[in-house]
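Visitor: I am new to this structure and would like to understand the terms used to describe it. May I ask, step by step, what each description rests on?

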Amino acid sequence: MENPDLDQKLPARLDAFRRLHRHTLDHREQFWAAQAERLQWQTAFSCVVKEDFSRPMASWFCHGQINAAQNALHRIIETGKGESPALVFYQKSGHVDTLTFNELKNRVLSLAAAFHRDDLVPGDCIALNLPNCPEFIISALAAAYLGITYLPIGCHLPASIVAEDVTASRAKLVIMADSNAYEEKKGHVQTVRALLEDLPILISDEKLEGVPTLEEYVGQADPSGLEPACPQADHPLFAIYENRLAGKHVGSVFPTGGFLVQAHTSFDDIFNKALVQDKPRMIVNTLDMCKAHTQAYGLWGPLTNGTGIILIDKKIRVNTIEEILNDQPNPALLCRPTLISELREQLGQEGQLNTAKRFPVIACCGNALPPRLVKYADGILVNGPERVVNLWVQSKSGTALLNSYPTPELNRPGALGFGALGVEPLIMSDFGEPCKTNISGNLIFDRSWPAMATATIGTAEHFKKTYFSKFPGCFFTYDGVRSDKDGFFWFMGRLDDIIKVKGQGLGASLIETMLTSHPLVEEAAIIGAQDTSGEDIVAFVVPRNPIQDEQKCINQIKDYIADKIGRFAVPKKIIITDQLPKTPTGKLFRSVLRRIAAGEEPLD
Amino acid sequence: MSAKLRNKIIEAVGEIGKINISMSAFERDLTVTCEAWLADLSEQIKQGMGTSDAMIMKSDLSAVIEILIKSPPSPGINTIIGDALTMMLEMERAGQDKSCVIQRLLGPSLAKEARQNEMKFLLLNPGTPSTRIAAYQGLEQVHSFEIHVLPDEEDSLDHRVKAVAAHLDRAGIDLASFDGIACQGGFLKPIPSGTYRVVPEMVTDLVEAPLRSHASNMGIPMGMELARMAGHQKDLLLTTTDPFVCDEMDLVDRVTGFIKIKRNGAGAHYLNHKAVWRIVASLMNQAPEQVNAVTAHVGGGTSLAAHRQGQVTMLIDAYSGLPSTSRSGAIDIDRVIKAIKSKEISIRDLEQVLDSRGGLLSLVGTNDFYAMIGFLRQGATPVQRKKIELVQNFLARKIAGGMLKLTADGADVRVMAITGGLAKNPDMMHRVKQNIAGRYPVVTMPGYFEHEALAAGQIRGYYASETLKDYETERNALEKRRHDEDALIDTPVFKREIRFKKKGAPLTTLDDIIDAAYLTVEENYAPTIAIVGANNEEAIQAAKRANEEGRFRISKFVLLGDFQEISQMAYEYDLVIDNDNYTIFDTENPVEEAVNLLDEGKVDILMKGSIHTEDILRGFFKYLKASGRLQKGQVMSHTAIVDIPTRNKLLAFSDGALNTYPDEEKRVAILENALKVVHNLNIKVPKVAVVSAVENVNRSVDSSIEAERIAARFADRDDCIVEGPLSLDVAMDPAIAKEKHYTGRIQGNADVLILPDIDSGNILWKTLTTQSGAALAGVILCGDMPLILTSRGDSTRSKLASLSLAIKFYFDIKKENGVAS
């Protein structure tokens with residue numbers, strides 16, 4: 001293939017697609033430059049990428065300047081879509097609010113003017129402790145317009161953590177909801193406010209004593225004459241905290257240029273270019289706003305492509321889905337796999353939707369939707385099993401790095417799909433050898449991608465240790481996958497258990513890497529063991545040298561973790577062993593460890 | 001033409017005959033004269049002879065040996081060579097020059113240089129109760145002492161070093177005056193033979209993971225500590241020579257009859273073997289590398305070495321080889337296993353017998369050979385004398401046998417030498433020589449040459465430092481070589497042995513069933529087995545192993561169940577999901593889907609995974625009924641096939657798993673199912689015992705009445721012999737059947753047992769598998785459909801056998817039906 005025409009359709013045939021994919025890898029910089037040029041740059045970038053995974057470092061579109069909000073609003077309005085719906089909000093009351101691109105732009109500029117009035121400048125940060133609501137999107141766009149970084153904080157987190165996050169980020173303003181959705185969190189805003197003392201807080205919904213609403217805050221702010229910021233491509237667009245370790249907040253920071261380019265490209269590829277007709281014009285975003293991939297597929301991706309966003313402010317029920325399908329122009333659905341099984345539960349195995357309309361595409365983020373649910377969705381939610389696509393995302397990936405496409409040859413029920421165009425996933429055995437067809441191994445990337453996150457301040461070493469130590473010079477995903485003879489990737493197993501401790505999901509790998517940095521420890525494995533009171537952390541430790549006093553060693557390790565991560569992450573049980581159970585190919589037998597941790601099997 | 005050849009042959013044979021007659025006359029003459037001459041010499045040596053006489057004798061002996069070793073070997077000549085060589089060494093050692101052995105080890109030029117320069121060195125040889133030390137100057141040993149470790153003293157490195165230093169101090173020998181220290185090597189990592197410069201890495205190997213713990217492991221650390229004490233002004237040369245762990249064994253000798261056990265050369269008295277071999281070659285006036293020899297070290301430990309081109313390529317080591325004064329040596333392994341099984345001895349006892357409580361100690365009650373000989377002369381009863389005679393013959397035969405064994409590579413062995421404590425006993429040596437019967441010249445070299453060898457190594461290292469070897473280099477090179485050899489030995493040829501049986505011959509073991517299934521698959525195709533509920537480790541492992549065991553894949557598998565869970569399991573167990581041999585079928589209703597797949601012909605056989613037995617049976621039963629594959633009167637039943645170690649054929653029984661309390665009709669149907677299974681094992685007319693508590697009908701035992709009725713219903717069948725009631729012992733034990741005067745056709749040789757109910761069936765099942773080491777395969781039969789059911793406790797082999805049974809059954813029925821239609 002000489003010069004594939006990337007601006008048009010994606011090939012529908014497998015072999016043609018695989019050739020195209022290969023081409024985008026062989027001419028990676030050229031490919032990404034072409035993708036970037038589809039957006040509006042204030043200053044053109046001078047070089048596509050500078051990267052060095054041995055440090056690790058990656059910087060995309062160097063010296064380019066780009067304003068994300070302008071690309072999502074002004075650029076779209078210029079193409080004549082000013083009166084198209086940009087944001088539709090299904091409220092709890094049943095009321096439906098719609099904002100066109102023009103209206104959205106006005107709201108965004110007014111809020112930006114208010115920010116400007118209050119001396120928020122590029123480089124500042126604001127925190128958004130908001131659910132799926134228009135205020136989130138408006139605030140994010142307004143911040144981006146001024147080059148202000150925004151920090152989404154999950155609505156499920158307790159007030160104390162919200163306050164901690166805000167403090168850690170040095171945010172100058174917090175916008176939050178006193179949402180009734182979380183019954184147990186009555187008085188949430190007041191609690192946070194008490195913890196944060198002087199910091200200005202705005203409330204997005206009902207008025208609360210002493211806290212101004214967003215509306216009040218905007219007041220008479222005048223957007224005329226407000227200049228958009230000109231952020232550098234690697235200026236942080238937003239940041240997300242994943243773990244709160246002792247003294248350190250570990251998270252991801254996403255660069256404006258790279259993230260915008262890849263979100264725009266990925267969304268366009270999956271929802272527009274793969275389809276010949278029946279393209280979605282709106283996207284229903286049911287994902288949690290505090291995730292990076294929600295920013296990509298539920299905010300920046302659709303808006304920069306002129307696709308409207310639909311948000312639902314209540315538990316998603318079948319009748320809401322029916323209503324949306326009937327009222328909205330060809331909406332696609334963005335969801336987690338669990339939504340499909342929830343809908344099936346509501347409908348019953350034999351139930352049908354009360355409308356003949358179907359989603360053109362359902363995109364599932366997270367675990368691949370199992371084939372039986374794809375089979376279920378086919379006919380009820382979509383026309384054709386290929387219309388359920390899977391997006392493989394992780395906290396550092398920003399956008400999907402593996403995905404399937406809504407066409408018959410480029411999708412298989414249950415598969416993760418292919419590497420995104422311009423991104424090459426590799427499968428490596430535990431001994432560092434590439435895996436052959438169908439042999440499962442570790443999913444890694446040996447080159448960066450534009451939307452790749454960098455570490456939050458002060459956690460670079462942790463970032464390197466976590467993602468770049470097992471396979472030096474490669475980004476390790478902790479996912480076990482295989483690829484079949486057609487090039488489809490299949491998820492096989494997770495190498496990093498997520499252990500729920502005190503409401504936070506704690507990656508086993510986090511504690512494992514911390515443990516192995518202890519001088520006494522050669523190797524370590526962490527298992528979550530179900531206890532009556534919740535989940536317990538059990539650690540298996542292989543000491544570097546024979547241990548004389550086991551108890552003393554265990555105490556040392558416990559103190560170390562308490563010091564480095566926090567009391568909550570200290571394993572309940574530490575088991576010293578001289579080797580970990582492994583398969584001949586070097587994989588850890590986690591199921592065996594789990595049984596040992598549960599006391600079902602002795603350690604020998 | 002042929003007449004010409006014939007004449008030529010007759011002529012040649014005639015000539016040889018003539019030569020032989022005159023040869024043997026000469027030989028006889030020579031032998032007799034030589035014997036007398038050597039005896040005379042021996043007498044002279046004892047009385048002491050002048051230096052000039054000795055020189056003349058020696059040159060006479062040399063000349064005789066020189067000629068004889070070149071002449072064609074014959075028993076007479078070999079005996080003369082052996083005796084002459086023995087005599088020569090004896091003469092030298094009896095002479096004035098005490099350094100004759102070291103000279104022979106070093107060779108004339110090096111010996112001359114060393115004598116002139118008078119280097120001084122210390123020799124360290126730590127043993128179990130003492131440390132033997134010696135000081136050398138030039139070629140002479142100027143001081144020697146044995147420092148005992150007293151019983152109430154702590155035996156440590158530190159202590160021994162201090163003791164040596166203190167002794168030298170007392171003896172007025174200054175540590176700083178030494179030029180070097182020669183240390184006994186101990187159990188290092190395996191290395192080729194030779195003299196090594198002592199390096200710290202050796203201490204690491206000796207301390208961290210010695211091949212064996214032994215007092216000699218202290219030699220090198222002691223030497224290093226003493227060198228440190230001597231001060232740094234002078235760089236002492238530290239050497240060690242031919243430690244116990246030398247390893248030059250050739251590949252053929254490394255193989256044993258069991259792939260998991262490989263031999264290596266470690267564990268022999270290399271220092272002595274190598275010295276003896278060099279000395280004997282020197283006596284023969286030949287370069288050692290050119291003399292292929294066998295040397296035997298017979299003493300507290302016994303080891304034998306075959307020297308080929310300077311390397312010990314074959315070996316009988318000191319632990320697993322010949323009996324000695326206190327070690328048993330190798331004993332027939334099956335007898336050992338039997339003795340252990342019968343609780344006569346424990347593994348611990350065996351270890352002791354092998355190491356310190358066997359051999360002479362075990363046979364006559366002392367580990368002192370000479371005490372035994374003394375007792376023989378004085379105090380032994382006639383029977384005891386006979387016994388001692390027997391033991392002597394036993395030892396002699398073992399030693400001779402071992403030596404001859406080391407000629408089995410067909411090399412041109414020039415000489416054999418026996419050394420060590422036992423070699424001092426002429427009677428014993430005579431017996432050994434008698435057993436060797438002149439096949440090779442045998443030289444006896446009583447005593448030990450270890451100190452001379454250590455000293456010679458040190459001297460050679462000092463004057464010819466280029467001969468010193470580097471420990472790490474040699475060790476690593478050898479390890480690499482051994483690793484490559486191991487890979488060759490471990491190379492699979494047939495992944496699993498398949499023992500071919502004649503087609504149609506009755507299958508008598510579970511392995512037969514597995515082999516038969518492979519053959520069936522080879523003739524047909526690999527069937528597809530659906531694992532119902534595959535999110536289960538057991539099932540995943542069974543599926544994986546089934547295809548790994550044999551020469552080719554025995555089956556394809558469809559794994560039904562939760563996609564994610566099965567994926568994760570497959571990932572952890574390295575099962576390759578390729579959508580051909582292994583396919584995941586994502587479903588929440590595995591039973592339903594499995595039955596659908598069966599109906600569509602997409603799978604051939606079902607296998608139970610994580611699903612409850614009753615659920616899968618219910619679904620399966622429903623399907624069979626609906627599809628008309630279950631005829632009236634047929635029931636579903638489980639037939640177990642057991643391979644009992646003490647029995648020479650398989651035993652089937654039913655039903656220990658499925659039917660709880662079947663009535664007579666049901667039991668007849670169960671019997672029919674069992675017959676199908678047994679016929680499938682090529683047992684044409686199986687003997688079926690309908691088992692009860694008694695072998696006669698007894699009104700108060702219901703099962704006996706029923707058994708009689710069931711047997712009666714099969715009376716006119718010619719494809720089986722059904723008898724009942726039978727008690728289990730009559731059905732299973734021919735001796736008891738005879739003793740109880742049972743008159744039926746089943747005489748303790750039943751093929752099938754039909755049990756009254758699930759209790760008795762299950763009790764029999766568990767009794768056999770837990771108490772008699774029986775392996776069990778099972779299959780559920782429903783009409784002509786097999787269903788595989790394995791339980792958690794089953795071994796992999798047992799699971800594979802169950803799978804094989806079902807596969808063979810599936811194809812056989814298919815063939816039958818094909819023929820029928």
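**Domains, sheets and a pocket**

Visitor: How many Å separate the C-alpha centres of domain 1 and domain 2 of chain A?

Guide: The two centres lie 27 Å apart. Please keep in mind that the model is predicted.

Visitor: Which residues make up these domains of chain A?

Guide: In the domain assignment, domain 1 of chain A takes in 14–66 + 256–494, domain 2 covers 77–230 and domain 3 covers 506–597.

Visitor: What makes domain 1 and domain 2 of chain A count as being in contact?

Guide: The criterion is heavy atoms within 4.5 Å. To the contact, domain 1 of chain A gives 29 residues and domain 2 of chain A gives 31 residues.

Visitor: How is chain B divided in the domain assignment, and what distance is given for its domain 1 and domain 2?

Guide: The assignment gives chain B domain 1 (23–96), domain 2 (102–241), domain 3 (251–448), domain 4 (501–629 + 784–821) and domain 5 (635–782). The C-alpha centres of domain 1 and domain 2 of chain B are 38 Å apart.

Visitor: What makes S5(B) and S6(B) a pair of strands?

Guide: Pairing requires at least two bridges. S5(B) and strand S6 (residues 237–241) of chain B are joined by three bridges, therefore they meet the requirement. The two strands run antiparallel, and Arg197(B) faces Thr239(B) of S6(B).

Visitor: Which sheet order includes these strands, and why are S3 and S5 of chain B said to stand at its edges?

Guide: The order in this open sheet of six strands is S3-S2-S1-S4-S6-S5 (chain B), with mixed pairing. Strand S3 (140–148) and strand S5 (195–197) of chain B each have a single partner strand, so one side of each has no neighbour in the sheet. On average, neighbouring strands are turned by 20 degrees against each other, direction ignored.

Visitor: Which helix packs on this sheet, and what does it touch?

Guide: Helix H6 (residues 157–170) of chain B does, touching strand S1 (120–126), strand S2 (130–137) and S3 of chain B. The directions of H6(B) and S2(B) make about 40 degrees.

Visitor: What makes S7(B) and S8(B) a pair, and in which sense do they run?

Guide: At least two bridges are needed; strand S7 (residues 293–298) and strand S8 (residues 302–308) of chain B have six, in the antiparallel sense. Val294(B) is placed opposite Ala306(B) in S8(B).

Visitor: What is the volume of the second largest pocket, and which residues are closest to its centre?

Guide: Its volume is about 1300 Å³. Lining residues number 41, and closest to the centre are Ser320(B), Gly321(B), Gly329(B), Ala330(B) and Ile331(B). H15(B) supplies the largest share of the lining, six residues.

Visitor: Which peptide bonds are called cis, and what is their omega?

Guide: One joins Ser654(B) and Asp655(B), with omega about 10 degrees; another joins Gly724(B) and Pro725(B), with omega about 0 degrees. Asp655(B) is in the loop between strand S17 (651–654) and helix H24 (664–680) of chain B, whereas Pro725(B) is in strand S19 (residues 721–726) of chain B.

Conventions. Residues numbered from 1 in each chain as written. Chains lettered and ligands numbered in written order. Predicted model: local features only at pLDDT ≥ 70, side-chain atom pairs only at ≥ 80, totals over all residues. Heavy atoms only, no water. Helix = DSSP H or I, 4+ residues; strand = E, 2+ residues; numbered from the N terminus. Axes fitted to C-alpha atoms, helices over the stretch in contact; angles between N-to-C directions. 1 Å grid on protein atoms, 1.4 Å probe; cavity = no way out; pocket = protein on both sides within 12 Å on 5 of 7 lines; lining within 4 Å. Points joined across faces, edges and corners; volume = space filled by probe spheres on them. Domains from an automatic or database assignment.
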